[in-house]
Amino acid sequence: MNQPRLYQIRQHYNHPSIQDLKKEINTQLDTLSLDVAGKEIGVTVGSRGISHIADITLHICDYIREHSGTPFIIPCMGSHGGATPEGQIRVLSHYGITEESMDCEIRSSMETVLLGTASNGCPVYMDKVAYEADGVLLVNRVKPHTDFIAENESGLVKMVSIGLGNKTGATEVHKYGLAQSIPLVFKEAAKQMPFIGGLAILENSKEETSILKAVKPENLLEEDAALLKTAHTLVPKLPFGQIDVLVVKEMGKSYSGTGMDTKTIGRIRIHGIPEPDYPDVNKLVVLRLSKSSDGNGLGVGLADITTKELADSIEQDITYTNLIHTTFLERGKIPVYAPTEEDAVKMAFSTIGAVTPEKAKVMVIENTLHIDTLWVSEEILKHLEPNSYDLLQEGSLCFENGRLTI
């Protein structure tokens, strides 16, 4: 197969990271003046691949213990993990969070309590374990959402409205519309839930913890929105917007709630939601599903081409449990697939129109979360500002037994 010459580059970003997580967590939690002595405090942990989440969770649990409280962990995942208590515990274990490693209980349940109705008519369901706790400390990463644009997207507020709603609550919020329902459901939940505050996590372009911010319960909605604006300045993007072939080596829940970050690849695929202007990708090829996804293939429908191996690795029950409650069925459709990764890439080149592979604008990324280092073709490299990247090495699309080994 004729193909372009590829160049591995590292994009330049200037985003700081926190070096001493425990010290910063203690400093932030001190600002909340928490009264946890003699109380059982639930610490929420979601299903996203947050950097250092095991360390962050352990430091929070240690802080509660040091202040004479008893921490326990609440899986806060909506319908993820197959919407079962066992499945959500298994998701946490992928991130190194177990009862042994945290030295506390994990109380996983799909039971919910109906708290009432949001002002738009959406029923408000909350996790029963969280509802009955002496206190709940919300912990989550704040970042742009993959499905919509609003003042509150992914963060502490969404963790309440969808994560703590379990399958029942998450389904209702999606049914009534995410952008509108997330803050309205949160407002209703905040009247009755024992929230003692939140710890927001912001990550830089290298997936390092860049900002930790403790938020008082009465300020959660406003602070969550303000932190989202900061998060937008930290989000990395692909270095060039016109792409003939984009190869994503691996997709999965640990990289994005949709398997592939929609803002990174420029595809949302939701009826009524405009597609991003950047980037414009002609053919998107996704090759593998991460093991930590537990067979959840949500997001595969964002691709044009995939592999038989990936298609076969999708667990229908787990994927559909997550997919159907979102109502965005397009994202679960299996694309055209090829016998091998090499065949999938060849198929992409053969369907991009009157562009030869040697002259094609090509990018190869590991996944949509780690894009600071990536491969680009010469047709892209010549358009990049020389001071915007470091050139690491030259190469080409290499395959062993049909598998990409670049």
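Gln28 sits in helix 1, residues 21–30. Helices here are DSSP runs of H or I with at least four residues, strands are runs of E with at least two, and both are numbered from the N terminus. The model is predicted: local features need pLDDT of at least 70, side-chain atom pairs count only at pLDDT 80 or more, and totals for chains, interfaces and linings use all residues. Residues are numbered from 1 along each chain as its sequence is written, and side-chain values use heavy atoms, with hydrogens and water left out.

Gln28 has 13% relative accessibility and therefore counts as buried. The cut-offs are under 20% relative accessible area for buried, over 50% for exposed, and partly exposed in between (1.4 Å probe, protein chains only). Leaving aside neighbours within four places in sequence, Gln28 is in contact (heavy atoms within 4.5 Å) with Leu199, Leu212, Lys213 and Ala214. A polar atom of the Gln28 side chain lies 2.9 Å from the backbone nitrogen of Ala214.

Now the charged pairs. Side chains of opposite charge can pair when their charged atoms come close. A salt bridge is a side-chain nitrogen of Lys or Arg within 4 Å of a carboxyl oxygen of Asp or Glu. The count by this rule is 22 salt bridges. Three of them are tabulated below.

| Salt bridge | N to O distance |
|---|---|
| Arg107 and Glu40 | 3.0 Å |
| Glu111 and Lys128 | 3.7 Å |
| Glu203 and Arg141 | 3.3 Å |

Take Arg107 and Glu40, joined by a salt bridge. Arg107 lies in the loop between strand 4 (105–106) and strand 5 (112–117), and Glu40 lies in strand 2 (residues 40–45), so the pair ties together parts that are 67 residues apart in sequence. Arg107 is partly exposed at 22% relative accessibility. Glu40 is partly exposed at 35%.

Next comes the salt bridge of Glu111 with Lys128. This pair links distant parts of the chain, 17 residues apart: Glu111 in the loop between strand 4 and strand 5, Lys128 in helix 5 (residues 128–132). Glu111 has 48% relative accessibility and counts as partly exposed. Lys128 is partly exposed as well, with a relative accessible area of 29%.

Glu203 pairs with Arg141 in a salt bridge. Glu203 belongs to strand 8 (residues 195–203) and Arg141 to strand 7 (residues 135–141), distant parts of the chain 62 residues apart. Glu203 counts as buried at 11% relative accessibility. Arg141 counts as buried at 7%. Elsewhere, salt bridges that share partners join Arg288, Glu309, Glu341 and Arg403 into one network.

Methods
A polar contact is a pair of N or O atoms within 3.5 Å; within protein, one must be able to donate a hydrogen and the other to accept it, and residues adjacent in sequence count only if both atoms are side-chain atoms.
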